[in-house]
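Subject: A structure for you to look at

Hi,

Here is the structure I promised to pass on.

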Amino acid sequence: MIVDMYDVVIIGSGISGAAIANALARYQLRVAVFEKASDICGGASRSNSATVHSGHDATYGSLKAHYNVLGNAMYDKLCADLSVPFSRNGMILFATSEADKNEIARLKQNADQNGVPGVQVLDRASLLAIEGSFGEEVIGGLYAPSSGQVCPYSLVIALCEHAAENGVSFFLNTAVLQLEKQGEGYLIHTARGSVQTRFVFNCAGVYADEINNMISGNRFHITPRKGEHLILDKKLAPYVKATISQTPFDLPSGGHTKGMGIMPSVDGTIILGCNSCDVVDKEDTATSEEGISQIIRFFEENWRHLPIHSAVPSFPRHLIISAFAGLRPHPDTDDFIIGEAADAPGFYNMAGIESPGLTAAPAIAQELANAFAQQHHIPVNEAYCPTRTHKKAFRNMTAEEREQALASNPNYGHIVCRCEQVTRADVLQAIHSPIGARTVNAVKMRTRAGMGRCQGGFCCPEVVELLSKELDIPMSEVTMNGAGSEVIPYEIGSFETV
Amino acid sequence: MKKEYIDIAIIGGGCAGLSAALSAKQAGAARVVVFERAPELGGVLRQCIHNGFGIHRFGEDLTGTQYARRLVDQIRETDVQCLTSTIVLDLSAERVLIAMNEGGITEYNAKAVILATGCRERPRGALAIPGTRPAGIVSAGTAQRYLNLEGYLVGKRIIILGSGDIGLIMARQFVLEGAHVIAVAERLPYSSGLMRNIVQCLDDFDIPIFYRSTVTRIVGENRVEGVYLSEVDACNCPIPATERFIECDTLLLSVGLIPENELASQAGLALLPFTGGPVVDDSFQTGLDGIFCCGNALHVHDLVDFVSIESEIAGRMAAQYTQAPTHRDCEVVHVHDGPGVRGIVPQIIRRNAAETQVTLQFRPDTRYGACYIEVYEGETRIARAKHAVLTPGEMIEIKIPRAEIHADITVKVSTVFT
C-alpha cells in the first residue's frame, strides 16, 4: 500500500523517472514512483528509435547538447551494470548532394563544439571502408562512432527494478490528479488515495506541463510530437551494422528534421523511422496511413543508397512485422527543463526530455540527484547494491549456460515464444520480478515473448495461461495492457445462442 | 550433451509429421523419432472440431480432432518414438539436430530428416494496418485455439479481415456460440478460401462478405472499439470516399498462412517466394542430402488429406534414402511456373525414378473460368487437363507419366481453347 509519508515522490516511470529513481536510491530516502499506466515505461521511452545519440546534432550550448554527450559516455557501464544489451554501432549520415555535404560540414563543427568524440567527415572512399556497399550516388557522409543502440524499455525496466531492489516503491495504475503545497512539502492526490511527501520529481513526459502547472507559476507547455516507426524481420540483421540516416535538411514548410534512419535493434530486428507530427491528444499513439506510407515511400525511394541494397536489392515490404508510434514530449522552449521550480521549493522538473532524452536522462538524473542530496544534506545509502539480480534470458545464453540453467530449472526446457526463444522460466521470472509483469504486454516488454515474426499468435495463449496461474486470477481477467483490455473476456456459454 | 544416433528425425508432430512417420515405418525405416514442441501430437487438427476432413484420404467425413486421433492411434501401434514438449533448437545441413525438453538438451544425428514444421498465420503487423494497438486484434487460428482448446471467446461483435479458410470456419463457430459476426472484408474480388466454406460458413449463416474491401484503420484505446472499412480500387488502394466506421470489439485476421521454415533456413536452405518453402524434387528431398520437406512447411495446402498423401510419399522416400542413399545421382529436369501458375511443387523431377506418375501441385495466380492446365516441354505440349474453374483458394494437381518427361517443363494456365 501507499504509506502516508514519503521523502520523495517521482511522477512517471519512463527513462527520466527510472533514472532519477535509480540515482536517488543511492541516498537515504524513502522514494516512491507513481505511474498512471498498468506497467512502467508506457510512454515515449517505450516507442522510439532506440538510438543512443552521439550528440553531433544537438544545438551547441543547449542543455540537450551538454547532457547528450555526458549521457552517451555513461552507457557502456550503465548497461553492463544492469545487464542490458547495448551496442556502440556508430552512426553514418550519408550525403547525396552538395547541400548534404554543407550540412555535414556544419554538423562536424557543431559536434566538435559539443565535445563529441571521434566525429569524422568522410569522402566516398573512406565511407566505403567503414560500410562496404553504399549506393553509387552516395558521395560522402558523417561518421559518429560513439552513437549506439539500446533496447530502451529493457533499460527503463532494469533501472526501475534495480531501484526497487534498493528500496524504491513503485505504484502502478496511480495517476496523479492534484498536487498542493502543504507545510514543508506537498500533498499528492492520486487515483489510489492521497499521500504526503517532502519533495516531488516531475518526470511525467507528455503530461509534465500539467503537473508543473498545478504547482508553479512558471508555466510551460509540452506538445506531444508523434513519431512513427516500422519494424522489419530479423532476417535482415546481417545487412545492417551502423545506424544509417539521411542528412538532416530544412523542410520546405519551415523547420528542420533529423530525417529517416535505419537502425539495427540490439535484438536483431531492424527499426525504420521516424517521421514527426505534432498532435493534440496525449494518448494518441495510433499509427496513421499517411505516416506508414511516408516511411515506406522514403525507404522505397532511398533503398538504393543504403549498404543493405547490395544484399536485398529492393525495399522488402513483406518483411515488415510491426508498426508503432510514440509521443515525444516537445517543450515550447525547445530545450530540456531541469531543476527546482523557482516558486515551488522542493518541486523538481525533469521535463521536456524529448530526443536525445533517452541518451541524456542518466546524466541528468545523476547530476540532479547529487545536487539535490548536497542541497538537502542527504546521507548516502550504505546498503545500496550496485548490481542487479537478474538472470540472463535463455535466448542470450551460450550452449553451456543453457544446459546448466536447464539442469537446475526444468522450466528452461520449455519454449513459450518460439520466434524469440523465450522459455517458461523467462516468463516466470518476469512475473515474479521486483516490479512483476501483470499483463501480457508487460511480459512482452520483459521477455520479448510476442515480439517476433508471429507477433504473439502462438505464445499469447500460453502467456495468458501463465499469468492466470501465477497471479491466481481467472483467464478471462488477464489483460493486454490493464483494465478494459481483457484478452479473452468471455467464457464459452456466456452468450445466448440461437 | 547427450548424443543419439537415429534413422529418421521428423520435425513436427502434426498431420504431415505423423503421416510421414507412419509411411516411413511401413517402408521399413528402423529408428524413427518425431519431435513435437506442443505437449500433444496432432498439430492444428486438435483445435479443428469442425468436419470436412478425411474425405480423400479415408473416404470418411471426419472432424479435425478425429483425423488427428486416427493418426495418433496408428502411431501408437508402431515403435515410432514421439517426443512431445520437445523443441528442435538447431538443425545443420549434416542432419545434426539439437533438441530440448524439460529433461535436457540432446544432440540427434539422423540419416534422414523430414521437415514437417507446418505454418503460422500472417499477423496484423505484416499488413501495417494503421491505428492503435488495443486488445481484440486476433488471428483466426489463435481465436480458434482459445475457443476450442481453452473454452474462451475473444469477443462478441466481430469483423473478419480476409477470407482464408480458418476465418470462415471461425465466422460460423462464433455465430453458433452466440457472438455477432458483422461481416467479412476481402481485398480481392474472390475468396482466398474454399468455395464450400463460403457456402457453409457464411451464406448459410447470412454473414455478408464484402469483396474488394479492407480495414483502413483500427480504433480503440484498451480494446477495439471499431474499424474503418474502405473499398479498394483496381490497384488495391483504399478509396477514401468509401471509408465507413463499423463498431466492433474484435478484428479477426485471416489474411494468409506462412510456412514455418526457420529450421530449414538454419540448415542453409533458401526459401521460394511464392511457396515459402524450399526447393524439392518429386521425392520431396530438398537441396540438402537426406533432408526432406512436406506438408504446410513446403507449401500451404487447402485440405489436410493432401498433406497426408504428400507426407506419406516423403516418409517412404526418406526411408528408402536411409537404406540406400543413391538416387541423388540420377538425371533430373526442372519444372517452371508458366503464365497463371504460382509456386509449383515439386520444382525438380528425377527422370529415372521408379514411380510411373509424377504429381505436380500449384495455385493459380488469380481466378479463372473454363481453362486448360497445360504442361509444355519446350514447344511440345505433353499434358493437358480441362477445368471449369480455378481459384487461388484451391490447390490444383496435374499428373504426368514420367516416361513423357525428357527435358525441363513449364506448367501454364491457358484460357484459349485450341
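In chain A, strand β6 (residues 120-123) pairs with β7(A) in the antiparallel sense, over four bridges. One pair to look up is Gln120(A), which stands opposite Tyr143(A) in β7(A). Before you go further, keep in mind that this is a predicted model.

β7(A) also pairs with strand β5 (residues 91-95) of chain A, again in the antiparallel sense, and here there are five bridges. If pairing is new to you: strands of a sheet pair through backbone hydrogen bonds, either parallel or antiparallel.

How many of the five residues of β7 (residues 140-144) of chain A are buried? Five of the five, so to speak a mostly covered strand. In a regular strand the side chains alternate between the two faces of the sheet. For β7(A), both faces are covered: Gly140(A), Leu142(A) and Ala144(A) are buried on one side, and Gly141(A) and Tyr143(A) are buried on the other.

**Chain B as a whole**

Now over to chain B, which has nine helices and 28 strands. Its C-alpha trace spans about 65 × 65 × 40 Å along the principal axes. A compact globule of 418 residues would have a radius of gyration near 22 Å, and chain B agrees with that, because its own value is 22 Å. Buried residues make up 53% of the 418 residues in the chain. Take the contacts in chain B with a separation of 6 or more: 65% of them are between residues 24 or more positions apart.

The chain is divided into domain 1 (1-121 + 257-329), domain 2 (123-255) and domain 3 (331-418). The C-alpha centres of domain 1 and domain 3 of chain B lie 26 Å apart. Their contact takes 15 residues from domain 1 of chain B and 14 residues from domain 3 of chain B. On the domain 1 side, the touching residues are seven nonpolar, five polar and three charged.

**A covered helix in chain B**

Why do I call helix α5 (residues 140-150) of chain B largely enclosed by the rest of the structure? Because eight of its 11 residues are buried. Those are Ala140(B), Gly141(B), Thr142(B), Ala143(B), Gln144(B), Arg145(B), Tyr146(B) and Leu147(B).

What covers them includes pieces of both chains: α12 (460-471) of chain A, together with β9 (119-121), β10 (137-139), β11 (152-153), α6 (165-176) and β18 (250-253) of chain B. After α5(B) comes Gly151(B), whose phi is positive, near 90°.

**A three-stranded sheet in chain B**

Last stop: an open sheet of three strands in chain B, in the order β22-β24-β27, with antiparallel pairing. Which strands are at the edges? They are β22 (341-345) and β27 (396-401) of chain B, each pairing on one side only. Neighbouring strands of this sheet are turned by 30° against each other on average, direction ignored.

Strand β24 (residues 357-364) of chain B is joined to β27(B) by six bridges, and the two run antiparallel. To find this pairing on screen, look for Gln361(B), which stands opposite Glu397(B) in β27(B).

Cheers

Note on methods
Residues are numbered from 1 along each chain as its sequence is written. Chains are lettered from A and ligands numbered from 1 in the order in which they are written. This is a predicted model: local features need pLDDT of at least 70, side-chain atom pairs count only at pLDDT 80 or more; totals for chains, interfaces and linings use all residues. Domain bounds come from an automatic or database domain assignment. Two residues are in contact if their C-beta atoms, placed from the backbone, lie within 7 Å. Ala, Val, Leu, Ile, Met, Phe, Trp, Tyr, Cys and Pro count as nonpolar, Asp, Glu, Lys and Arg as charged, and the others, Gly among them, as polar. The radius of gyration is taken over C-alpha atoms; the globule rule is 2.2 Å times the number of residues to the power 0.38. A residue is buried if 20 or more other C-beta atoms lie within 10 Å of its own, exposed if 12 or fewer, and partly exposed in between; C-beta atoms are placed from the backbone. Two strands pair if DSSP finds at least two bridges between them. Axes are lines fitted to C-alpha atoms, for helices over the stretch in contact, and angles run from 0 to 180 degrees between N-to-C directions.
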